Amino acid sequence: MNEVVEQNIKEIMTLPGLKKVKDEVKSLVAYLETAAERKKSGLSDSPDISNHLIFSGNPGTGKTTVARILAKIFRELGLISGGKLIEITRSDLVVAQKGETAVKAADKFNSAIDNVLFIDEAYTLVKPDDPNDFGQEAIDELLKYMEDYRDRLIVIVAGYEKEMHKFIDANAGLASRFKRTILFEDYNDLDLYQIFYKFAKDNQYLIQGDANNTLKDCCKKVISITGDKYSNGRDIRRFFESSLQQQAVRLGKQENKTKVDLMMLKKQDLESAIQNFG
């Protein structure tokens, strides 16, 4: 395996949770590498599989993070020359005037040639009940670019699982090009615990030993409190930031603070943060 590819695969493997995603990525990369080796050996091409992907799942499950890493992997495998992730949403494509959306979309898609185009909440382009909506112009332009630049453009569309089914079903051209779906499952409380620790480490914070069980309990509460509005990594980030604010309130009453004091998150910080979480 290419060393850079291996490093990027390892980066994905270190992400919390996402077991199915990791398995899918390893399978896809293995196939692409084998196809390249067959070509070098003068064998017939492997059956063509589309490199375009659907990332389905709830918000905050790491879809953009994985897409960025995959863009680098695709570059190393020679599928694209750029390796950047060009992130866009409906607002970057759709204009209220007829005909203008195609022009704006073409401009955005041009910027993604030789790279990976990532369309978040792609299902918002499909509004069959609104005759005055021009999202279909963006879809038509996208399909054109995927055909004209099929060897220079990889597209990843992302969004809620149910809505992405509706997006693909809305146009036969979409169904023929997006043949592989990777499902990003929700994080469980252990995943949130690991993410919180990573946030702490990356931002030079420590968690006091007797606060560990409190943190585990808080991660469960984050899921139960948010309920149907649970947004995974976004919620645990919000809880982490709230914990920092509670620490700051506590330290504001303390004199002669040490470096360790400024780094340490205590049980009471977490308890106060979860009480105010919602």
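## Legends to close-up views of a predicted model

**View A. Lys 162, Lys 166 and Asp 169 are exposed on the other side of helix H6 from its buried residues Met 164, Phe 167 and Ile 168.** Seen down the axis of H6, the buried residues fall within an arc of 90 degrees, so they line one face of the helix; the arc is that of the directions from the helix axis to the C-beta atoms. Buried means under 20% relative accessible area and exposed means over 50%, with partly exposed in between, for a 1.4 Å probe and protein chains only. Helix H6 covers residues 161-169, and what covers its buried residues includes strand E1 (53-57), helix H5, strand E4 (154-159) and helix H7 (172-177). This is a predicted model, in which local features need pLDDT of at least 70 and side-chain atom pairs count only at pLDDT 80 or more, while totals for chains, interfaces and linings use all residues. Residues are numbered from 1 along each chain as its sequence is written, and side-chain values use heavy atoms, with hydrogens and water left out.

**View B. Helix H12 (residues 267-275) has Asp 269, Leu 270, Ala 273 and Ile 274 as buried residues.** These four cover an arc of only 125 degrees around the axis, which puts them on the same side of H12. Among the elements that cover the buried residues of H12 are helix H8 (189-202), helix H9 (212-226), helix H10 (233-251) and strand E7 (264-265). Helices (H or I, at least four residues) and strands (E, at least two) are DSSP runs, numbered from the N terminus.

**View D. Asp 133 lies in the loop between strand E3 (116-120) and helix H5 (135-148), and its side chain reaches the backbone nitrogen of Gly 135 at 2.9 Å.** Asp 133 is at 15% relative accessibility, and therefore counts as buried. Beyond its neighbours within four places in sequence, which are left aside here, Asp 133 is in contact with Arg 90, Leu 125 and Lys 127.

**View E. Leu 18 and Gln 204 are non-glycine residues with a positive phi.** Most residues other than glycine have a negative phi. Leu 18, with a phi of about 60 degrees, is in the loop between helix H1 (3-13) and helix H2 (19-40), and it is buried, with a relative accessible area of 8%. Gln 204, whose phi is also about 60 degrees, is found in the loop between H8 and strand E6 (206-207); at 63% relative accessibility, Gln 204 counts as exposed.

**Context for the views. The chain carries twelve helices and seven strands, and its C-alpha atoms fill a box of roughly 65 × 55 × 30 Å along the principal axes.** Of the 278 residues in the chain, 46% are buried. Among contacts in the chain with a separation of 6 or more, 73% come from residues 24 or more positions apart.

Notes: Contact = heavy atoms within 4.5 Å. Polar contact = N/O pair within 3.5 Å; in protein donor to acceptor, adjacent residues only side chain to side chain.
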